[in-house]
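Biologist: I have a structure to look at today. Could we go through it together, one topic at a time?

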Amino acid sequence: MAMNSSSHDVAERVERRWATLVIVIILVLIGMVVYTGLQWAMMPPSRVETVRPETLHVSGEFIESNLGSAVEPDGSVTVRIVAQQYSFTPQCLLIPANTPITFRATSSDVVHGFLITNTNINSMLEPGYIATFRTTFNQTGEHLMPCHEFCGVGHQGMWAHVKVIDRAAFMQMAESMPANSRRLSCVK
Ligand code: CUA
């Protein structure tokens with residue numbers, strides 16, 4: 001009898017210890033959720049740039065006449081792209097080799113993928129956010145740019161071309177553009 005009551009005590013102690021441990025784990029998890037929630041609200045990441053997807057074509061840097069490759073005053077090139085179901089605008093990107101390139105891209109509807117084959121460029125394009133990344137192409141050549149996020153029934157047909165050409169040839173083309181159309185692409 002005495003034996004029974006002592007094993008009962010042991011079982012109760014062990015159970016209570018496990019219950020306490022579980023409560024502590026739950027409290028730690030709740031604490032983490034509250035902390036990260038507050039942290040996110042007070043210090044949003046500095047690189048998040050937002051844009052209103054429903055007015056992309058009306059005003060701002062992503063209007064159609066501003067898409068494509070633009071030479072900046074410092075000699076670098078900014079390439080602006082909009083993804084929509086089921087194409088990229090422009091459909092063919094013209095890019096100079098050996099030149100600092102800044103891509104700025106966004107989506108006007110759903111999440112799309114941005115990937116340039118044979119490079120490490122790989123990003124998601126989310127409506128409401130501007131994806132920005134910098135790179136330099138060391139060689140001329142052609143790449144494919146398939147959408148790699150499932151975005152609907154036409155997803156597998158959504159892709160663009162990327163043509164990397166000699167810097168001098170690109171700059172010559174940029175200079176011979178009429179003053180009112182400063183964007184280059186290889187859309188025919
Ligand atoms: Cu756009 Cu898949």
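Biologist: Is Glu54 buried, partly exposed or exposed?

Modeller: Please keep in mind that this is a predicted model. In it, Glu54 has a relative accessible area of 46%, so the residue is partly exposed.

Biologist: Which residue forms a salt bridge with Glu54?

Modeller: The partner is Arg52, and the closest N and O atoms are 2.7 Å apart. Arg52 is exposed, with a relative accessible area of 54%.

Biologist: How many salt bridges does the structure hold?

Modeller: There are five salt bridges. One of them joins the side chains of Glu61 and Arg80, at 2.4 Å from N to O. Glu61 lies in the loop between helix 1 and strand 1, while Arg80 is in strand 2, so the pair ties together parts that are 19 residues apart in sequence.

Biologist: Which salt bridge links Glu61 to Arg104, and at what N to O distance?

Modeller: Their side chains meet at 2.6 Å. Arg104 is in strand 5, 43 residues from Glu61.

Biologist: Changing topic, which residues does the "transmembrane region" annotation cover?

Modeller: The unreviewed UniProt entry places it at residues 21-42. Over that stretch the chain is 100% helix and 0% strand, with the end C-alpha atoms 31 Å apart.

Biologist: And where is Leu29 found?

Modeller: Leu29 is in helix 1, which spans residues 2-42. Leu29 also belongs to a nonpolar surface patch whose members include Val10, Trp18 and Met32, and the patch has about 820 Å² of accessible area together.

Terms used. Residues are numbered from 1 along each chain as its sequence is written. This is a predicted model: local features need pLDDT of at least 70, side-chain atom pairs count only at pLDDT 80 or more; totals for chains, interfaces and linings use all residues. Side-chain values use heavy atoms; hydrogens and water are left out. Patches are made of residues with over 30% relative accessible area and no salt bridge: like charges are joined within 9 Å, nonpolar side chains (Val, Leu, Ile, Met, Phe, Trp, Tyr) within 5 Å. Accessible areas come from the Shrake-Rupley method with a 1.4 Å probe; for residues, only the protein chains shown count as cover. A salt bridge is a side-chain nitrogen of Lys or Arg within 4 Å of a carboxyl oxygen of Asp or Glu. Helices (H or I, at least four residues) and strands (E, at least two) are DSSP runs, numbered from the N terminus. UniProt positions are given in the numbering used here, feature names are shortened, and annotations may be inferred rather than shown by experiment. Buried means under 20% relative accessible area, exposed over 50%, partly exposed in between (1.4 Å probe, protein chains only).
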